[in-house]
Amino acid sequence: MSAAKGLFKKWLSNLDAMKKQIKERLNAVWNREAITEEEWEQLEETLIQSDIGPRLAMEIIEELQVTKSEHKDWQSCLFEKLYSIIEKNDARLFPEADPQFSKIVVLMGINGAGKTTLAGKLARFFKDQGEKVSLVAADTFRAAAQEQLEIWAKRAGVNIIKSSSGTNPGAAVFDALQLIKKRGDTVAIVDTAGRSHVNKNLLSELEKLSKVIYREIPSSNVENLLVIDALAGQNAFLQAENIAKFIPITGVALTKWDSQAKGGIVFRIHQELALPIKLVGTGETIEDLFIFDPEEFVRAIVY
């Protein structure tokens, strides 16, 4: 995540479609004496189509109507509203880590969310910070998953810890933690198997894996990141709600962000799930990852 500001701005350019729609609608009507009810409804629909969600879209429209009646500009109103939702977003990783213990990142989510790719990008990020990093293959039932993680380990230039096929994931992670302690690794990134958020058996397995980690590592040194495809929409909320019943989620990593993704999902996740957005990934290169910056994000949408 070196040159993070530049990468962040590169990603923000993907919000142009959302920004253009909102600006065109508001600029077209704002300087008129009155805005019709139908035009307000069209604007509300534009916000909803940007993945902001019905609840927040309604709140924004109500505040814009007040702003219009007071003859103020819409940009300031929209910026203040959107920023107020995510200004307290804490994107720091391990803000209170105990230096006596290794730091553990557990990546979880449904199949295809981009966990393994994110694991490789995170490994490079921590290595660039001077950490001694290992990738831990906790998807022990799919040989292809371990092979893919091994490719990312080579790209990042870090260690990989694998177990025999079919090994219980909790046991695999326990063995990995012992090896990490022995070698003095400072960061381990655990790539778990994809789990349907409605499969209680798989979620119970994840819960057991988590308990293994917490027996060895203090909670201050554990980041349980829910990896969500940026295009997941409503399904993202169902994932978070169900997984949180089995394991404490400390933050969200949004992946696969490209020109089709819409910025509104960020506000919905933070407002409706009360979870911080910590990481955003886009593209397939190992550098396409950055820490989420709420103020720059909102400015990119509004101005």
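Predicted model: local features only at pLDDT ≥ 70, side-chain atom pairs only at ≥ 80, totals over all residues.
The largest pocket has a volume of about 200 Å³. Its lining consists of 17 residues, and those closest to the centre of the pocket are Gly112, Lys115, Thr116, Arg142 and Gln148. Two elements each contribute two or more residues to this lining: helix H6, which spans 115-128, and helix H7, which spans 143-156. By class, the lining of the largest pocket holds eight polar, five charged and four nonpolar residues.

The second largest pocket has a volume of about 150 Å³. The residues that line the second largest pocket are Gly114, Thr117, Leu118, Lys121, Thr255, Lys256, Gly281, Thr282, Gly283 and Glu284. Six of these lining residues are polar, three are charged and one is nonpolar.

The next topic is helix packing. Two packed helices are described by the angle between their axes and by the distance between those axes.

Helix H5 (residues 74-86) and helix H12 (residues 294-302) have axes that come within 9 Å and cross at roughly 150 degrees. Because angles over 145 degrees count as roughly antiparallel, H5 is roughly antiparallel to H12. The crossing of these two helices is right-handed. On the H5 side, the contact is made by Trp74, Gln75, Leu78, Phe79, Leu82, Tyr83 and Ile86. On the H12 side, the residues are Pro294, Glu295, Phe297, Val298, Arg299, Ile301 and Val302. In the contact of H5 with H12, 11 residues are nonpolar, two are charged and one is polar.

Helix H8 (residues 169-183) packs with helix H9 (residues 200-216) at an angle of about 25 degrees, and the axes are 8 Å apart. An angle under 35 degrees counts as roughly parallel, so H8 and H9 are roughly parallel to each other. Their crossing is right-handed. From H8, the residues Pro169, Gly170, Val173, Phe174, Leu177, Gln178 and Lys181 meet Glu205, Leu209, Val212, Ile213 and Glu216 of H9. Seven residues of this contact are nonpolar, three are charged and two are polar.

Arg55, Leu56 and Glu59 of H4 make the contact with Phe267, Gln271 and Glu272 of H11. By class, the contact of H4 with H11 has three charged, two nonpolar and one polar residue.

The last stop is a loop residue. Glutamate 131 sits in the loop between H6 and strand S2 (133-137). What does glutamate 131 contact, leaving aside its neighbours within four places in sequence? Beyond those neighbours, glutamate 131 is in contact with Lys103, Phe126, Thr186 and Val187. Glutamate 131 and aspartate 185 are 54 residues apart in sequence, while their C-alpha atoms are 7.7 Å apart in space.

Terms used. Residues numbered from 1 in each chain as written. Heavy atoms only, no water. 1 Å grid on protein atoms, 1.4 Å probe; cavity = no way out; pocket = protein on both sides within 12 Å on 5 of 7 lines; lining within 4 Å. Points joined across faces, edges and corners; volume = space filled by probe spheres on them. Helix = DSSP H or I, 4+ residues; strand = E, 2+ residues; numbered from the N terminus. Nonpolar A, V, L, I, M, F, W, Y, C, P; charged D, E, K, R; others polar. Axes fitted to C-alpha atoms, helices over the stretch in contact; angles between N-to-C directions. Parallel < 35°, antiparallel > 145°, perpendicular 65-115°, else oblique. Left-handed = near helix turned anticlockwise from the far one by under 90°. Contact = heavy atoms within 4.5 Å.
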